[in-house]
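Please find below a colleague's note on the model under review. The points are numbered and may be read alongside the coordinates.

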Amino acid sequence: MMDDLDSLRRMRGSTPAITPAAEEGARARLLNALHRPVPAPRRRVRRLAWRTGTAVALTAALAAAITVGLPVLRATDMNPIASVRDLGERAARAAETEPAPEIRADQWLYVKQIEAPPRDEEMGVDTGRRITSERWTSLDGGRVAWYGDDGQIITHHTFLGLGEISLALPPVTPETLLARIDKAIPENVGWKVPETREQRLFQGIYQLMTEQSLSPPVRAALFRALPMIDGVSVRQDAADADGRRGVAFSYTGEWARYDLILNPDDYDFLGTYGVSVQDRTFGGVFDRAAPEKNLGTMHVKAGTPLTLTALVDRAVVDRPGQRP
């Protein structure tokens with residue numbers, strides 16, 4: 001026993017101390033895993049087990065890194081994502097391991113997120129500020145609700161009109177879901193500028209992933225559908241509004257790029273980021289929250305952040321305005 005302890009002391013004595021960069025990286029990964037809030041179990045949309053397991057594993061990895069002076073490795077560090085098809089398959093397999101939530105067609109999905117707020121009188125968001133927002137989307141995908149400035153619930157139709165109820169109708173395959181999205185989404189969305197079919201498909205999945213409670217088979221099919229859209233690529237190091245680092249499905253359209261950011265360890269949804277990639281002028285701009293409101297002409301410069309969000313909480317509830 002004493003010989004073993006002496007050997008351990010000699011090993012630790014000859015091991016280089018952890019560098020500040022490695023220590024900071026290890027600490028950031030640990031805090032990232034522990035920071036993510038866990039909704040009430042009774043109303044959970046996602047499983048809880050991975051968060052406990054990830055936190056315990058990262059704690060052990062952090063202790064090991066401090067002992068031996070090595071950086072903490074995540075799953076994607078040890079087995080890097082080779083392509084967007086690889087990312088789609090990994091995310092789909094992770095989704096397939098999750099239990100299906102029990103839902104009713106008349107229920108709503110509550111979503112709470114941190115986001116960069118819109119800039120005053122300009123297009124884009126202010127990345128130097130953060131606000132917390134809440135919204136409710138009906139599980140049939142047809143209605144979205146939020147609290148207005150007067151404290152009253154405002155309900156509006158969604159532009160896509162799809163949800164778990166219609167997407168889960170068999171057969172649930174990447175091809176059938178792409179066809180349903182293609183049929184449902186308008187040819188001109190957003191700021192009424194021409195868009196490609198590929199961009200409309202990506203935008204449809206982007207909205208479904210961020211605003212809907214999707215069963216494991218539907219999410220798995222959507223993850224496998226994303227690589228089938230021409231122009232979708234992998235962004236290896238993307239950050240959400242809470243500073244969490246992830247891997248993203250990314251699509252660059254005619255004038256903007258949008259990232260759908262996932263946790264690099266279990267491929268759970270983290271948040272979104274959008275940025276303009278070229279100067280653009282838009283005429284006849286309408287407010288999506290109030291389609292009757294004409295915002296006039298707007299100009300956007302290349303490099304302007306358009307959206308930046310981070311998921312805080314989501315849960316299925318019985319009515320808009322209800323919190324878990």
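1. Which residues does Leu222 touch, not counting residues up to four places away in sequence? Leu222 touches Leu177, Ile181, Ile205, Leu208, Met209 and Leu214, where contact means heavy atoms within 4.5 Å. Leu222 is also among the residues with the most contacts inside the largest nonpolar core, along with Ile205, Phe223 and Phe249; that core has 50 residues. A nonpolar core is here a set of buried Ala, Val, Leu, Ile, Met, Phe, Trp, Tyr and Cys residues joined through side-chain atoms within 4.5 Å. A second, separate core of seven residues includes Val125, Ala241, Leu308 and Val312. In soluble globular proteins, nonpolar side chains tend to be buried together.

2. On provenance, this is a predicted model, in which local features need pLDDT of at least 70 and side-chain atom pairs count only at pLDDT 80 or more, while totals for chains, interfaces and linings use all residues. Residues are numbered from 1 along each chain as its sequence is written, and side-chain values use heavy atoms, with hydrogens and water left out.

3. As to overall composition, the protein has nine helices and 11 strands; these are DSSP runs numbered from the N terminus (helices H or I, at least four residues; strands E, at least two). Of its 324 residues, 47% count as buried. The classes are buried (under 20% relative accessible area), exposed (over 50%) and partly exposed (in between), with a 1.4 Å probe and protein chains only. The protein exposes about 16100 Å², of which carbon and sulfur atoms supply 54%; these areas come from the Shrake-Rupley method with a 1.4 Å probe, and for residues only the protein chains shown count as cover. Among contacts with a separation of 6 or more, 61% come from residues 24 or more positions apart.

4. Helix H9 (residues 216-225) is largely enclosed by the rest of the structure, because eight of its 10 residues are buried. The buried residues are Pro216, Val218, Arg219, Ala220, Ala221, Leu222, Phe223 and Ala225. Their cover includes helices H5 (84-96), H6 (164-167), H7 (174-184) and H8 (197-211), together with strands E6 (245-252) and E7 (256-262).

5. The neighbours of E7 in strand pairing are as follows (two strands pair if DSSP finds at least two bridges between them). E6 and E7 run antiparallel, joined by six bridges, and form a hairpin with three residues between them; Thr252 stands opposite Arg257 in E7. Seven bridges join E7 to the antiparallel strand E8 (residues 269-276), with Ala256 opposite Ser276 in E8. The hairpin of E7 and E8 has six residues between the strands, and Tyr267 takes a positive phi near 65° there.

6. The structure holds six aromatic pairs. Rings of Phe, Tyr and Trp (its six-membered ring) pair if their centres lie within 6.5 Å; planes under 30 degrees apart count as stacked, over 60 as edge-to-face and the rest as tilted. The Trp136 and Tyr147 pair is edge-to-face, because the ring centres are 5.6 Å apart and the planes stand at 80°. This pair links strand E2 (residues 131-138) to strand E3 (residues 143-147), 11 residues apart. Trp136 is buried, at 0% relative accessible area, whereas Tyr147 is partly exposed at 34%.

7. Tyr206 and Tyr258 also pair edge-to-face, at 5.7 Å centre to centre and 70° between the planes. Tyr206 lies in helix H8 and Tyr258 in strand E7, 52 residues apart, and both are buried. Ring pairs link Phe202, Tyr206, Tyr251 and Tyr258 into a cluster.

8. Finally, there are 16 salt bridges, each defined by a side-chain nitrogen of Lys or Arg within 4 Å of a carboxyl oxygen of Asp or Glu. One of them joins Asp106 to Arg104, with the closest N and O atoms 3.0 Å apart; Asp106 is partly exposed at 47%, and Arg104 is partly exposed at 43%. Arg245 and Asp237 meet at 3.1 Å, N to O. Glu89, Arg93, Glu96 and Arg224 are linked in a network of salt bridges.
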